[in-house]
Each structure stands twice: as structure tokens, then as C-alpha cells.
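Me: I would like to go through this structure with you, beginning with the overall fold and then moving to particular sites. Could you take my questions one at a time?

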Amino acid sequence: MNPPTLYEQLGGEEKLRRIVDRFYDLMSELPETKTIRALHPSDLTESRNKLFKFLSGFFGGPSLYIEEYGHPRLRARHLPFPIGEDERDQWLLCMNRALDELVDNPLLVSQLKMTFFRTADHMRNRAN
């Protein structure tokens, strides 16, 4: 028997959707994340859906993003947006807080935070 995927450890679709929704709610609520929020459209519906679909497959669940949009090509898709350390850290602030609020397993939270840091750091395309 295979060990449970991160998707399964998180609680599947419902829990992942809650994390993504909380992430974007925090991005809109926190004054210290206004720079990263400004890089997103005013209506976050599509952003929420795309991140949910991406994370579903990224964490070992259904490959919803790939089925609809093809290979994620994360870095290429983010190149049009100025992403430096400040933007990375604002993004991580929202995601880390969402994880802290919604995931009960401290080891899983730690693992996810490391994964998100590596991915977010890879998205940087300018120094600041």
C-alpha cells in the first residue's frame, strides 16, 4: 500500500479548497500584502480556481490543472509579473497563515511551508 499523498493528508478536495480560499481572503484582507494583491485581478474567482486545480495535482490528487490548461510552466506563467523577495514573502505570509489556521498536523504544515517556500522562491524574477 502506498503512503497517503499530501492531497489525502490535507483532507482532499474540500480541505484544499478551504486553504486556497483562506489564502486569497488573507491576500485581500492584510494591508501588508497589498503589493502582491495588486498583481491579481479584482475578481479572484479564476485565480482561486487555478490555484486549487494546480495544487490538487501538485499534491498528488486529481490533475485538474494539467487536464484543463496543460503543463503548469509555473515560472514562465509568472514572468510577466514583477516578483522579488517582497512579493514572494507576501505570498508566503498568506499561504503560511492559511496553513497554520486550517491544518492540524504540525509536521504536515512544516513540510508544506518548505515546499511552498522553494516554489515561491523559484518564481522570483527580479531582485529587491
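Predicted model: local features only at pLDDT ≥ 70, side-chain atom pairs only at ≥ 80, totals over all residues.

Me: What share of the residues is buried?
Reply: Buried residues account for 39% of the 128 in the chain. As for contacts with a sequence separation of 6 or more, 70% of them join residues 24 or more positions apart.

Me: Let us turn to the core. Which residues have the most contacts inside the largest nonpolar core?
Reply: They are Phe23, Leu55, Phe59, Trp91, Met95 and Phe116, within a core of 32 residues. At least two core residues come from each of helix H1 (6-10), helix H2 (12-29), H4, H7 and H8. As a general point, nonpolar side chains in soluble globular proteins tend to be buried together.

Me: What does tryptophan 91 touch, leaving aside neighbours within four places in sequence?
Reply: Tryptophan 91 is in contact with Phe23, Met27, Ile36, Phe116 and Ala120 on that basis.

Me: Where is leucine 112, and is it buried or exposed?
Reply: Leucine 112 is in helix H8. It counts as buried because its relative accessible area is 0%, and the cut-off for buried is under 20%. Not counting residues up to four places away in sequence, leucine 112 touches Leu6, Leu10, Phe59 and Leu99.

Me: How far apart are leucine 112 and methionine 95?
Reply: Their C-alpha atoms are 9.6 Å apart, with a separation of 17 residues in sequence.

Me: Changing topic: what is the volume of the largest pocket?
Reply: Its volume is about 780 Å³. The lining consists of 25 residues, and those closest to the pocket centre are Tyr24, His40, Leu74, His78 and Trp91.

Me: Which helix gives the largest share of that lining?
Reply: H4 does, with seven residues. Helix H4 (45-58), helix H6 (74-78), helix H7 (85-102) and helix H8 (106-122) each supply at least two lining residues.

Me: How do the lining residues divide into nonpolar, polar and charged?
Reply: The lining has 16 nonpolar, four polar and five charged residues.

Me: Back to H4 for a moment. Is serine 56 buried or exposed?
Reply: Serine 56, which lies in helix H4, counts as buried because its relative accessibility is 0%. Apart from neighbours within four places in sequence, serine 56 is in contact with Tyr7, Leu16, Gly61, Pro62 and Leu64.

Me: Finally, what is the phi of arginine 73?
Reply: Arginine 73 has a positive phi of about 40°, although it is not a glycine. In general, most residues other than glycine have a negative phi.

Me: Where does arginine 73 lie, and how accessible is it?
Reply: Arginine 73 is in the loop between helix H5 (64-69) and H6. Its relative accessibility is 46%, so it counts as partly exposed.

Technical notes:
Residues numbered from 1 in each chain as written. Heavy atoms only, no water. 1 Å grid on protein atoms, 1.4 Å probe; cavity = no way out; pocket = protein on both sides within 12 Å on 5 of 7 lines; lining within 4 Å. Points joined across faces, edges and corners; volume = space filled by probe spheres on them. Helix = DSSP H or I, 4+ residues; strand = E, 2+ residues; numbered from the N terminus. Nonpolar A, V, L, I, M, F, W, Y, C, P; charged D, E, K, R; others polar. Buried < 20%, exposed > 50% of the residue type's maximum accessible area, 1.4 Å probe, protein only. Contact = heavy atoms within 4.5 Å. Core = buried A, V, L, I, M, F, W, Y, C linked by side-chain atoms within 4.5 Å.
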